[in-house]
Amino acid sequence: MFNPLVLSQIRVMQQQERSTSYRCLDYLSNTQVLKSSFRMALCDWAYKTIAACVGVDSSTAVVAFTYFDRFLSSNTPAAKQALDDLQECQLAFVTSLVIALKCHSGFKVDFDFVSKVVTKDAYDEVELSCMEIKVLQALDWKLNGPASHDFIEYFLDLMPDAHEASFLDFVRSLSKSLVELSVTRYDVEVQHYPSEIAFASIWCAFQYVELIVLPGSQIFVESMPLIQLVSGFDINNARSILLLKVLSCLVEELDSASDGIGDTSQEDEMMSISSESSSRSIMRDV
């Protein structure tokens with residue numbers, strides 16, 4: 001039997017994700033400059049940067065994406081400028097990643113290091129520190145909203161203790177990999193709550209493990225109705241069906257890829273973000 005406190009925590013997190021403070025808007029509809037492909041390139045760069053950092057989990061990048069999307073949804077003067085200036089947009093993203101490293105991973109991050117090593121002198125310390133304040137103010141200093149990774153942990157806590165540990169670890173790992181891929185998709189991140197992405201990721205992970213017949217899958221089958229009920233996810237809803245289709249395609253990508261996340265197909269987008277000053281691109285070999 002699951003801990004009732006888990007259910008209570010999930011309810012609180014769902015209320016939080018639906019509040020205006022944490023909701024992302026369709027900010028790309030307000031700009032002719034920023035494109036979803038550029039956002040995807042930033043996400044790819046972030047994953048590579050995190051992978052090069054010892055002791056930093058990829059969930060930090062996911063949190064950084066939520067900060068970045070919320071910032072661009074804020075309608076503040078700084079956000080409006082970033083939507084119409086790719087250099088400012090890139091700076092906001094780097095700053096969002098720095099904030100996530102500080103607040104989510106507990107790292108002490110020096111702007112001199114970020115300037116010289118992370119951005120390869122694309123931005124100086126003053127620019128980084130000024131943008132950090134702008135992002136924090138736009139987020140109203142609310143940095144602890146629930147992410148899809150958090151919901152995955154709580155949803156899987158609803159499973160009975162009699163499960164196979166290896167099976168649960170596999171489902172958790174695959175679900176989180178799906179989340180990490182899905183947040184690079186603008187349409188997924190903006191149109192769905194973190195809890196919806198988390199449940200859909202678990203559901204697609206379950207569909208995959210059913211095919212390879214891992215030990216412990218029967219217990220997971222019995223637990224899915226409870227997880228679905230708690231999540232409030234309607235698998236027959238049109239937008240839910242679309243989300244499941246997207247994530248099912250991502251499962252296939254993970255299955256066929258040799259190293260999972262880290263597609264380099266977006267690198268050229270970052271390398272040519274500005275015809276006026278290509279030296280300001282942060283996309284270098286990490």
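Buried denotes under 20% relative accessible area, exposed over 50%, and partly exposed the range in between (1.4 Å probe, protein chains only). The model is predicted, so that local features need pLDDT of at least 70 and side-chain atom pairs count only at pLDDT 80 or more, whereas totals for chains, interfaces and linings use all residues. Residues are numbered from 1 along each chain as its sequence is written, and side-chain values use heavy atoms, with hydrogens and water left out.

Figure 1. Across the whole structure, 0 disulfides are found, a disulfide being a pair of cysteine sulfur atoms within 2.5 Å.

**Figure 2. Crossing of helices H3 and H5.** Helix H3 spans residues 59–72 and helix H5 residues 86–103; their axes lie 8 Å apart at an angle of about 130 degrees. Axes are lines fitted to C-alpha atoms, for helices over the stretch in contact, and angles run from 0 to 180 degrees between N-to-C directions. H3 and H5 are therefore oblique to each other (under 35 degrees is roughly parallel, over 145 roughly antiparallel, 65 to 115 roughly perpendicular, and the rest oblique). The crossing of H3 with H5 is right-handed; the near helix is then turned clockwise from the far one by less than a right angle, and anticlockwise in a left-handed crossing.

**Figure 3. Crossing of helices H1 and H8.** The axes of H1 (residues 4–17) and H8 (residues 148–156) come within 10 Å and cross at roughly 155 degrees. H1 and H8 are therefore roughly antiparallel to each other, and H1 passes H8 in a left-handed crossing. H1 contributes Val6, Gln9, Ile10, Met13, Gln14 and Glu17, and H8 contributes Asp150, Phe151, Tyr154 and Phe155. These residues divide into 6 nonpolar, 2 polar and 2 charged.

**Figure 4. The chain as context.** The chain contains 14 helices and 0 strands, defined as DSSP runs numbered from the N terminus (helices H or I, at least four residues; strands E, at least two). Of its 286 residues, 51% count as buried.

Technical notes. Contact means heavy atoms within 4.5 Å. Ala, Val, Leu, Ile, Met, Phe, Trp, Tyr, Cys and Pro count as nonpolar, Asp, Glu, Lys and Arg as charged, and the others, Gly among them, as polar.
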